[in-house]
Amino acid sequence: PMITALVDKRRARVFRYLEGEITEVADLRADTFLGDLSDSAMSRRAGTASGSRGETATDTAQRILDVGTERMLKQTKELVTDQAGWEGFVLLGGEKEAVAALGPMLTGVKESRILENPSLWVEMSPAEVKEATRAGASALSKRRQTELLHQVMEQTYSRGNGCLGGKDTVLALDAGSVDILILSKGFVEANPDYADRCVAKAFEQGADVRVFGSVPSEKLDEVGGGIGARLRFRSAHLDEEVAASPSA
């Protein structure tokens with residue numbers, strides 16, 4: 001699921017997007033988190049000794065609102081963290097100051113899976129939220145794929161737990177050492193039977209499979225002919241093949 005939180009100082013709305021459907025999980029208001037705070041604060045204000053500067057009514061109102069906002073954001077953080085989990089995707093939008101306060105609070109969500117969009121606002125319609133969330137999910141997916149590809153490239157070039165290209169990837173699949181098999185969309189479309197066999201081998205050893213799209217897919221085509229893998233371990237057969245290669 002993709003969780004979207006739209007926030008400002010007075011309101012927070014939390015949405016859950018899954019399989020093309022958007023659901024509003026919560027609509028929170030800062031006022032509801034104040035309780036009797038405003039009454040007690042005003043009572044203390046009324047009881048201030050004559051001649052004491054104290055705080056103005058405006059200062060008191062602002063302080064009360066700040067407390068309500070803080071409580072509202074804490075509740076929003078709990079909802080978002082619970083809905084998304086560590087591996088979930090989160091989109092934040094709304095008032096700049098409120099988003100800046102909420103973001104660092106989401107320690108229960110992987111930082112690389114949080115996206116901020118300053119063009120969003122709290123009063124958006126469900127249809128607008130759905131479209132913004134869909135676009136955010138696409139952007140986060142592209143970021144995730146790009147990070148994984150860079151990791152595989154780095155590990156491959158350093159002869160660590162990574163490989164690129166059909167020959168080395170098949171060797172890794174045969175050795176049962178694949179953790180995540182990565183394929184480009186173009187590779188799958190051009191080699192459906194070959195791709196199916198690789199995917200089947202990956203699933204047999206409990207590996208994940210990721211099919212890249214857009215920019216990450218083009219880069220994978222460039223550096224690995226559209227196929228590669230992150231490995232659990234680097235097999236001796238793979239190193240022997242690399243050593244025997246004329247380009248090694």
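View 1. Helices (H or I, at least four residues) and strands (E, at least two) are DSSP runs, numbered from the N terminus. This is a predicted model, where local features need pLDDT of at least 70 and side-chain atom pairs count only at pLDDT 80 or more, while totals for chains, interfaces and linings use all residues. Residues are numbered from 1 along each chain as its sequence is written, and side-chain values use heavy atoms, with hydrogens and water left out. The protein has 248 residues, and 40% of them count as buried (under 20% relative accessible area; exposed is over 50% and partly exposed is in between, with a 1.4 Å probe and protein chains only). Take the contacts (heavy atoms within 4.5 Å) between residues at least 6 apart in sequence: 72% of those join residues at least 24 apart.

**View 2. Asp8, in the loop between β1 (2–7) and β2 (11–18).** Here's a buried Asp8 that has no salt bridge (a side-chain nitrogen of Lys or Arg within 4 Å of a carboxyl oxygen of Asp or Glu). How far away is the nearest side chain of opposite charge? That's Arg10, at 6.9 Å; for charges, Lys and Arg count as positive and Asp and Glu as negative, with His and the chain ends not counted. The Asp8 side chain does reach the backbone nitrogen of Arg10, at 2.9 Å. A polar atom of that Asp8 side chain also lies 2.6 Å from the backbone nitrogen of Arg11. Leaving out residues up to four places away in sequence, Asp8 touches Met72, Glu95, Ala98 and Val122.

**View 3. An open sheet of four strands, in the order β6-β9-β7-β8.** The pairing is mixed, and two strands pair if DSSP finds at least two bridges between them. At the edges sit β6 (162–164) and β8 (208–212), each pairing on one side only. Neighbouring strands are turned by 15° against each other on average, direction ignored. Strands β7 (residues 178–184) and β9 (residues 227–231) run antiparallel, paired over five bridges. Look for Val178, whose bridge partner in β9 is Leu231.

**View 4. Helix α7 (residues 192–204), lying across β7, β8 and β9.** Helix α7 runs at about 160° to β7. Axes are lines fitted to C-alpha atoms, for helices over the stretch in contact, and angles run from 0 to 180 degrees between N-to-C directions.

**View 5. Ser214, in helix α8 (residues 214–224).** Ser214 is partly exposed, with a relative accessible area of 45%. From C-alpha to C-alpha, Ser214 and Gly186 are 9.7 Å apart in space, and they are 28 residues apart in sequence.

Technical notes:
Polar contact = N/O pair within 3.5 Å; in protein donor to acceptor, adjacent residues only side chain to side chain.
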